[in-house]
Amino acid sequence: MPEIFRESGYRFYFYSDDHEPIHIHVERGGCDAKFTLRGNKAELVYNYGLKPSEIKTATYLVEENIDKIVKHWIAYFGQKNNNNK
């Protein structure tokens with residue numbers, strides 16, 4: 001499972017057999033969430049246990065690192081249908 005980065009106790013990653021659309025998984029303290037990337041915004045897909053304040057922080061960190069996430073996704077999976085535009 002490729003890890004993209006860690007920050008402020010959050011781990012940002014995707015699975016080696018993941019699927020489009022481009023998205024990122026976020027884990028903190030045994031809880032996790034998934035965000036789909038749309039342009040320069042992160043859309044919450046699901047949240048399993050993160051507090052509202054943690055989701056807010058995770059959303060901010062995803063949006064601040066969206067270029068890095070997309071770059072890693074394309075490097076790992078290729079650019080079949082980059083719908084993050």
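**Close-up views of a predicted model**

View 1. The model shown here and in the following views is a predicted one. Glutamate 54 is paired with arginine 28 in a salt bridge whose closest N and O atoms lie 2.8 Å apart. Arginine 28, at 29% relative accessibility, counts as partly exposed.

**View 2. Two further salt bridges.** Side chains of opposite charge can pair when their charged atoms come close. The model contains four salt bridges, and one of them joins arginine 6 to glutamate 3, with 3.0 Å between the closest N and O atoms. Arginine 6 is exposed because its relative accessibility is 57%, whereas glutamate 3, at 36%, is partly exposed. Another salt bridge connects glutamate 43 with arginine 38, and here the closest N and O atoms are 3.8 Å apart. Both partners are partly exposed, glutamate 43 with a relative accessible area of 39% and arginine 38 with 36%.

**View 3. A buried aspartate without a salt bridge.** Aspartate 18 sits in the loop that runs between strand E2 (10–13) and strand E3 (23–28). Although buried, aspartate 18 has no salt bridge, and the nearest side chain of opposite charge, that of lysine 34, is 5.7 Å away. The side chain of aspartate 18 does make polar contacts with two histidine side chains, at 3.0 Å with histidine 23 and at 3.3 Å with histidine 25. Apart from neighbours within four places in sequence, the residues in contact with aspartate 18 are His23, His25, Trp73 and Phe77.

**View 4. The largest nonpolar core.** This core has 22 residues, of which Phe12, Ile24, Val26, Phe35, Leu37, Val62 and Ile69 touch the most other members. At least two core residues come from each of strand E1 (3–7), E2, E3, strand E4 (31–38), helix H1 (52–64) and H2. When residues up to four places away in sequence are left out, valine 62 touches Phe12, Ile24, Val26, Phe35, Leu37, Ala42 and Ile69.

**View 5. Tyrosine 76 and its contacts.** Tyrosine 76, which lies in helix H2 (residues 66–77), counts as partly exposed because its relative accessibility is 44%. Beyond its neighbours within four places in sequence, tyrosine 76 is in contact with Pro2, Phe14 and Ser16. Tyrosine 76 and serine 16 are separated by 60 residues in sequence, while their C-alpha atoms are 8.3 Å apart in space.

Note on methods:
Residues are numbered from 1 along each chain as its sequence is written. This is a predicted model: local features need pLDDT of at least 70, side-chain atom pairs count only at pLDDT 80 or more; totals for chains, interfaces and linings use all residues. Side-chain values use heavy atoms; hydrogens and water are left out. Helices (H or I, at least four residues) and strands (E, at least two) are DSSP runs, numbered from the N terminus. Buried means under 20% relative accessible area, exposed over 50%, partly exposed in between (1.4 Å probe, protein chains only). Lys and Arg count as positive and Asp and Glu as negative; His and the chain ends are not counted. A polar contact is a pair of N or O atoms within 3.5 Å; within protein, one must be able to donate a hydrogen and the other to accept it, and residues adjacent in sequence count only if both atoms are side-chain atoms. Contact means heavy atoms within 4.5 Å. A nonpolar core is a set of buried Ala, Val, Leu, Ile, Met, Phe, Trp, Tyr and Cys residues joined through side-chain atoms within 4.5 Å.
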